[in-house]
Amino acid sequence: MSSRHLELRGGMHGSVRIRPRALPPALLVAICCLISGCAGTPGGGVTGVPVAPGNGAIAARPDPASSAPPTPIPVRAPLVMIVGDSFTVGSGPVERWNSYAAKAARELGWQLVTAGAAGTGFVNPGPVNRTFERSFTEELAWRPAPDLLIVSGGHNDRRTRAGRVNRAAKRLLELVHARWPHTRVVVIGPIWMTRAPRWAYRIRDAIAAAADEEEATFLDPLGERWSRRLVLPDGVHPTPAGHTWLARWLVTALGGR
């Protein structure tokens with residue numbers, strides 16, 4: 001509004017400038033809201049809200065926090081470690097990652113750590129000069145405790161007295177319990193894919209007795225009947241298909257324990 005001049009008559013001449021009255025602040029805010037499509041928030045602030053076309057309804061602005069997808073909770077895979085001989089680490093055309101232990105780990109969703117070496121046993125150090133106990137100490141014992149430890153072997157202790165195998169197996173299991181008191185332990189006896197000789201049963205019994213004394217679960221592969229088609233030409237080690245059968249046997253055996 002422009003300023004204007006009024007002439008006052010009554011003996012005095014002059015001009016008086018009349019300034020327009022300022023609008024109250026609250027009224028100014030209301031006018032702005034009507035013009036710009038704003039709405040007051042319950043807390044007293046002013047925030048822009050889009051007006052839905054056509055019906056004049058006010059659409060609510062989505063809350064970014066409420067529309068974001070929930071953060072998934074990570075699931076930790078069971079940590080399993082195994083120490084063993086060539087049946088465990090692989091031999092011939094079978095690599096470590098395709099052994100029966102690795103196949104069972106894939107099926108059961110384990111995070112697997114494999115230790116040991118071909119030709120080794122509880123007493124027999126094999127060509128690498130390392131028994132199961134030494135493999136455990138050097139390859140596994142320094143790691144965080146697993147959920148499950150599997151000790152698999154005895155096949156290479158064939159020239160050793162059963163009593164000596166029993167003491168070595170017991171010593172290893174005592175060491176495991178001292179290092180990892182809350183870890184579950186499973187012991188697998190000698191694996192024989194063809195007909196096992198008599199001495200294999202004596203070694204099996206010695207290992208089973210040690211497992212029983214140390215309260216570990218014992219699994220006996222000698223009680224199974226394997227097809228000769230699952231054995232490599234060396235007559236000892238399993239083929240890739242043989243490792244698949246061993247993995248299925250292990251998964252089934254662990255399922256009921």
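**Around A117**

User: Which residues does A117 touch, leaving out those up to four places away in sequence?
Analyst: A117 touches G84, D85, S86, V89, V128 and R130. Keep in mind that this is a predicted model.

User: Where is A117 found?
Analyst: A117 sits in the loop between β6 and α5, the latter being residues 132–140.

User: Is A117 buried or exposed?
Analyst: A117 has a relative accessibility of 9%, so it counts as buried. The cut-off for buried is under 20%.

User: Let me step back. How many helices and strands are in the chain?
Analyst: The chain has 8 helices and 9 strands. It has 257 residues, and 40% of them count as buried.

User: And the surface?
Analyst: The accessible surface is about 15700 Å², and 56% of that belongs to carbon and sulfur atoms.

User: What share of the contacts comes from residues 24 or more positions apart?
Analyst: Such residues account for 68%, taken over contacts with a separation of 6 or more.

User: Now the sheet. What is the strand order?
Analyst: Five strands form an open sheet in the order β6-β5-β7-β8-β9, and the pairing is parallel. At the edges stand β6 and β9 (217–219); each has a single partner strand, so one side of each is left without a neighbour in the sheet. From one strand to the next the twist averages 20 degrees.

User: How many bridges join β5 to β7?
Analyst: There are 5, and the two strands run parallel. As one example, V83 stands opposite V151 in β7.

User: What about β7 and β8, how many bridges there?
Analyst: Again 5 bridges, and β7 and β8 run parallel. Among the pairs, L148 has R184 as its bridge partner in β8, L149 has V185, and I150 has V186.

User: How many residues of β7 are buried?
Analyst: 5 of the 5 are buried, so β7 is largely enclosed by the rest of the structure.

User: Which way do they point?
Analyst: L148, I150 and S152 point one way from β7, while L149 and V151 point the other way. In a regular strand, side chains alternate between the two faces of the sheet.

User: Why is β8 described as largely enclosed?
Analyst: Because 4 of the 5 residues of β8 are buried.

User: Which helices lie on those strands?
Analyst: Helix α6 lies across β7 and β8, and its direction is at about 160 degrees to β8. Helix α7 also packs on the sheet, where it touches β8 and β9; its direction makes about 160 degrees with that of β9.

User: How do α6 and α7 sit relative to each other?
Analyst: The axes of α6 (residues 162–179) and α7 (residues 198–213) come within 8 Å and cross at roughly 30 degrees. The crossing is right-handed.

User: Which residues meet there?
Analyst: From α6 they are A162, V165, N166, A169, K170 and L173; from α7 they are R202, I203, A206, I207, A209, A210, A211 and E213. By class, the contact has 10 nonpolar, 1 polar and 3 charged residues.

User: Different spot. Where is T194?
Analyst: T194 is in the loop between β8 and α7. Its relative accessibility is 18%, so T194 counts as buried.

User: What does T194 touch?
Analyst: Setting aside residues up to four places away in sequence, T194 touches R228, V231 and G235.

User: Last one: which residues of α4 are buried?
Analyst: In α4 (residues 100–108), the buried residues are Y100, A101, A102, A104 and A105.

User: What covers them?
Analyst: The cover includes strands β5 (79–84), β6 (111–116), β7 (148–152) and β8 (184–188), along with helices α3 (86–89) and α8 (240–255).

User: And what follows α4?
Analyst: G109 follows α4, and the phi of G109 is positive, near 75 degrees.

Terms used:
Residues are numbered from 1 along each chain as its sequence is written. This is a predicted model: local features need pLDDT of at least 70, side-chain atom pairs count only at pLDDT 80 or more; totals for chains, interfaces and linings use all residues. Side-chain values use heavy atoms; hydrogens and water are left out. Axes are lines fitted to C-alpha atoms, for helices over the stretch in contact, and angles run from 0 to 180 degrees between N-to-C directions. A crossing is left-handed if the near helix is turned anticlockwise from the far one by less than a right angle, and right-handed if clockwise. Contact means heavy atoms within 4.5 Å. Ala, Val, Leu, Ile, Met, Phe, Trp, Tyr, Cys and Pro count as nonpolar, Asp, Glu, Lys and Arg as charged, and the others, Gly among them, as polar. Buried means under 20% relative accessible area, exposed over 50%, partly exposed in between (1.4 Å probe, protein chains only). Accessible areas come from the Shrake-Rupley method with a 1.4 Å probe; for residues, only the protein chains shown count as cover. Two strands pair if DSSP finds at least two bridges between them.
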